Amino acid sequence: MTATMYVVLAVVVLVFIILMKTAIVVPQQSAFVVETLGRFSRTLQAGFHILFPFVERVAYRHTLKEEAMD
């Protein structure tokens with residue numbers, strides 16, 4: 001393989017990683033807490049959401065399911 005093939009492969013892997021950090025699917029009975037640059041931004045409910053990669057991140061994944069107590 002030539003050097004250009006390695007560069008193209010590296011770019012494809014980088015784009016794939018950025019896309020994986022951008023698209024978030026929150027499952028039913030869950031809520032995700034989003035931080036923007038380390039500060040609380042919002043809470044995501046169930047569904048498909050888009051985040052800004054490397055700026056926003058999911059800080060906490062909270063389950064909304066009931067827990068039985070004895």
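Strands are DSSP runs of E spanning at least two residues, and helices are runs of H or I spanning at least four, both numbered from the N terminus. The structure is a predicted model, in which local features require pLDDT of at least 70 and side-chain atom pairs pLDDT 80 or more, whereas totals for chains, interfaces and linings use all residues. Residues are numbered from 1 along each chain as its sequence is written, and side-chain values rest on heavy atoms, without hydrogens or water.

E56 belongs to strand β5 (residues 56-63). With a relative accessible area of 11%, E56 is classed as buried (under 20%; exposed is over 50% and partly exposed in between, with a 1.4 Å probe and protein chains only). The side chains of E56 and T36 are joined by a polar contact of 3.5 Å, that is, a pair of N or O atoms within 3.5 Å, where within protein one must be able to donate a hydrogen and the other to accept it, and residues adjacent in sequence count only through side-chain atoms on both sides. Apart from neighbours within four places in sequence, residues in contact with E56 (heavy atoms within 4.5 Å) include V34, S41, R42 and L51.

The largest nonpolar core consists of seven residues: I24, V26, F32, V34, L44, L51 and V58. Two or more of these residues come from each of β1 (23-26) and β2 (30-36). Such a core is a set of buried Ala, Val, Leu, Ile, Met, Phe, Trp, Tyr and Cys residues joined through side-chain atoms within 4.5 Å. Beyond four places in sequence, I24 contacts F32, G47, F48, H49, L51 and V58.

V13, in helix α1 (residues 3-22), is partly exposed because its relative accessibility is 43%.
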